[in-house]
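This note is intended for a colleague meeting the structure for the first time. Please keep the sequence and the model in view while reading the points below.

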Amino acid sequence: MTSPEPQSPAPQPPEPESPDRVYRSVPAIAGGVMLLAIAGWLGIDAVLSGDGRTPWLALAVLLLVVPLVVAFTLRPAVYAGDDRLRIRNPFRVVVLPWGQVASLRSSYSNEVLTESGAKYQLWAVPVSLRARKKAARREMRATAQARREMGRETGRDESRGSALGMTAGLGQGLSREPISDGPVRAETDRIMDELRALREARHEAESARGEVTVRWAYEVLAPTVVGAVLVLILVAAG
């Protein structure tokens, strides 16, 4: 009598991938919704109350303007996953495996550089110099407040201005870190820090290999071109 063969364990299902982090510009979305509302109101009014070629011209202008507004305000987004970075810009979608990302750079715009030297702008993560200055002022105020609190804890009386107290206060202020969760950063700078950290963690991963792909957004380009052609024809026809 033969003993039954041991059964091999059932294969375990693959672990689900973590969802992509999505980054978008809230001010751009708000501005886009407002512009679309204004364009729709003016366009519908021209169609309903216009004479002659005015309704057709209004429709052609809407066909031209609406895709452009959507492309530059509502469409841009950045999707950061474990294996790739997907950038949805106004007229292109760029997919970059983390193994192809050389660095992420911030100057007057936020950009990603590939190993081959190509450069792509992150439209959904715009640089705000005003936000950077505001964050720097907040950081200075937080540091000054932390030093005052540490001075009170050590019994230092700054109002007397004694030389011994000043020396001790300077030593305490320079040797301790500010009481905060970390440096105050502008929102877009924090996003770039997160993307850099993800790139460092996943750059050498085997699943993060592959080629960079670029796809043109024909769903935006086609109606824009058609609308521009119709506007030119109607204007030329007088």
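1. The model is predicted. T114 belongs to strand β6, which covers residues 110-114.

2. Is T114 buried or exposed? T114 counts as buried because its relative accessible area is 5%, and the cut-off for buried is under 20%.

3. V112 also deserves attention. Not counting residues up to four places away in sequence, V112 is in contact with L85, I87, V101, S103, L104, A118, K119, Y120 and L122.

4. The largest nonpolar core has 21 residues, and the members that touch the most others are L85, I87, V112, L122 and L195. At least two residues of this core come from each of β2 (77-80), β3 (84-88), β4 (92-97), β5 (101-106) and α5 (187-202). Which element gives the largest share of this core? It is α5, with four residues.

5. Helix α1 spans residues 26-49, 24 residues in total, and reaches 35 Å from its first C-alpha to its last. This is close to the 34 Å expected at 1.5 Å a residue.

6. Within α1, the buried residues are G32, A39, G43 and A46. An α-helix has 3.6 residues a turn, so residues three or four places apart point the same way. Among what covers the buried residues of α1 is α2 (54-74).

Methods: Residues are numbered from 1 along each chain as its sequence is written. This is a predicted model: local features need pLDDT of at least 70, side-chain atom pairs count only at pLDDT 80 or more; totals for chains, interfaces and linings use all residues. Side-chain values use heavy atoms; hydrogens and water are left out. The expected span of a helix is 1.5 Å times one less than its number of residues. Buried means under 20% relative accessible area, exposed over 50%, partly exposed in between (1.4 Å probe, protein chains only). Contact means heavy atoms within 4.5 Å. A nonpolar core is a set of buried Ala, Val, Leu, Ile, Met, Phe, Trp, Tyr and Cys residues joined through side-chain atoms within 4.5 Å.
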